[in-house]
Amino acid sequence: YRARLLWISELLPVFVRAFHPTRSFLHLYLLVNFAILFLTMSMARRLAQLSTFAANRSPSFLLNAPQAALRAGSVVAARNMNLHEYQSVAVMRKFGVSTPPGEAASTVEEVEEIAQKMFDEGNQVVVKSQILAGGRGLGTFTNGFKGGVHVCHSVKDARRVAQNMLGGTLVTKQTGPEGKIVKKVLVAQKMSTLSEKYFAIVLDRETSGAILISSPKGGVNIEKVAKETPEYIFKRPVDLTKGPSEKDLKDVARGMGLSDPKLIDLAANEISKLWDLYTNTDATQVEINPMAETTEIPIMCMDAKLNFDSSAAFRQKEIFAMEDESQKDPRESEAEKHDLNYIGLDGNIGCMVNGAGLAMATMDIIKLYGGNPANFLDVGGGAEENQVVEAFKILNNDPRVECILVNIFGGIMRCDVIAQGIIRAASEVVLNVPLVVRLQGTNVEEARKLIEQSELRILAVPDLDDAASKAVKMAKIINIAREIGVEVSIEAPIE
């Protein structure tokens, strides 16, 4: 990360030398274009890393995702919308995909009613907690109840399970220690499975298309399978404009370990329906784990994880109307209302930057000085004062944030507009933490004068290294004070 910043700074003297009279215009042109291409590719790689974890349990790791992205598991990109399992099942049924009979319930009484009907038909029942995270079966509720998925052998048993789940907070390996509240459960018929397979459709950046993934090792941690036994992972790239051929579909079915021609045909038919779902709903991911061979129906999709491209919300209104806002990071929900590019992280230094590349560089340099960014926040090049105010409020109201670092390079976005927004926000809200501001570029002198004249508690620093270093140190002071229960306030303006 440090090297990337140094590369940028070292390009400037190269350009200066290129302007020497003995240098040709062509030489200068090639140098500039090479530098732009180099920086663009570097930025693209980092953007790809951020979006790798768009879904909580995306199978993108199967496509050799960068290790840096794998370490950034807390990142949740805003470009994908996720559905609960019961909602995903409803979407799949519209496309004719075979799924276990079941209904969603939000009260204990509804669970009893659904379970009673299933038991009357001679079936066993599975009660599944509904949260937007994986690992539910091995999760634990904060009330001590273990497991977010339970097989029930009586209506009384289903009632007991529902009482412990509904309204409770389920903590899994993907929710973080804060967990997620269970507001609904899926009451489904327990199927008699003979074998469990894995299937997924995801976007593949390398081929600029989709890729079908299958494995005979379904119903288990597919990440572990991919890592320890990659020979059990079958992949087939598909041209998005043409779709999979009949041979592709059958090859993917064979990749699940199926050998019976009838089962291969049935699995290929299910995969074809899932492809139709994928292409007709603007999905970015369709993951079935497991796709099972059962005694009731030969091939059935037992559990599903569907993600949809948020930029297609205007034409997928029915699907996006299903979105559960209560399961989203409230910071991200608030940012969306004001057209801000925000991704919540788990650090303690709030960042407000203009431009994705500069935002990522700012996060890098915070890490370099021993800090942790609390977010990725790009206000964009055309942000208005009101958006800056709202962005500032989101950072200031985040209980994890112990210092705010504003880093603006004024090109399209003028520094004085940012300064006015900061001053207005700092005047309207109680400033909970120290504020470090680094401004450079268009109207920077006007911006600095505005900050000085405001007499607010703002530390204006012209150098990014110095600004990041000060932000990290201030965050440590606030953190120590909070740990020992001491209040820290800045009573006088910072000069």
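The structure described here is a predicted model, in which local features need pLDDT of at least 70, side-chain atom pairs count only at pLDDT 80 or more, and totals for chains, interfaces and linings use all residues. Residues are numbered from 1 along each chain as its sequence is written, and side-chain values use heavy atoms, with hydrogens and water left out.

**Helix packing**

Two packed helices are described by the angle between their axes and the distance between the axes. Axes are lines fitted to C-alpha atoms, for helices over the stretch in contact, and angles run from 0 to 180 degrees between N-to-C directions. Helices (H or I, at least four residues) and strands (E, at least two) are DSSP runs, numbered from the N terminus.

| Helix pair | Angle between axes | Axis distance |
|---|---|---|
| α5 (residues 108-120) and α6 (residues 155-165) | about 150° | 9 Å |
| α13 (residues 385-396) and α14 | roughly 50° | within 8 Å |
| α14 (residues 415-428) and α15 (residues 444-454) | about 20° | 7 Å |

With an angle of about 150°, α5 and α6 are therefore roughly antiparallel to each other. Their crossing is right-handed; a crossing is left-handed if the near helix is turned anticlockwise from the far one by less than a right angle, and right-handed if clockwise. The contact (heavy atoms within 4.5 Å) is made by Val-108, Glu-109, Val-111, Glu-112, Ala-115, Gln-116 and Phe-119 of α5 and by Val-155, Ala-158, Arg-159, Ala-162 and Gln-163 of α6. By class, this contact has seven nonpolar, two polar and three charged residues. Ala, Val, Leu, Ile, Met, Phe, Trp, Tyr, Cys and Pro count as nonpolar, Asp, Glu, Lys and Arg as charged, and the others, Gly among them, as polar.

Helix α14 packs against α13 at roughly 50°, and the two are therefore oblique to each other. α13 passes α14 in a right-handed crossing. On the α13 side the contact is made by Glu-385, Asn-386, Val-388, Val-389, Phe-392 and Lys-393, while the residues from α14 include Val-417, Ile-418, Gln-420 and Arg-424. The contact residues divide into eight nonpolar, three polar and four charged.

Helix α14 also packs against α15, at an angle of about 20°, which makes α14 roughly parallel to α15. This crossing, too, is right-handed. Cys-415, Asp-416, Ala-419, Gln-420 and Ile-423 of α14 meet Val-444, Glu-446, Ala-447, Leu-450, Ile-451 and Ser-454 of α15. Seven nonpolar, two polar and two charged residues form the contact.

The structure holds one cavity of 30 Å³ or more, and the largest cavity has a volume of about 60 Å³. On a 1 Å grid over the protein atoms alone, a cavity is a set of points where a 1.4 Å probe fits but cannot get out, and lining residues have an atom within 4 Å of a point. Grid points are joined across faces, edges and corners, and a volume is the space filled by probe spheres set on the points. The lining consists of Glu-85, Val-89, Arg-93, Pro-100, Pro-101, Gly-102, Lys-128, Leu-186, Ala-188 and Met-302. Two or more of these residues come from each of α4 (85-94) and β8 (185-189), and α4 gives the most, with three residues. The lining has six nonpolar, one polar and three charged residues.

**Backbone geometry**

Most residues other than glycine have a negative phi, and most peptide bonds are trans. The peptide bond from Asn-289 to Pro-290 is cis, with omega near 10°, and Pro-290 is found in strand β12 (residues 283-294). Ser-208, although not a glycine, has a positive phi of about 55°; Ser-208 is found in the loop between β9 (193-204) and β10 (209-215).

Definitions and conventions: Parallel < 35°, antiparallel > 145°, perpendicular 65-115°, else oblique. 1 Å grid on protein atoms, 1.4 Å probe; cavity = no way out; pocket = protein on both sides within 12 Å on 5 of 7 lines; lining within 4 Å.
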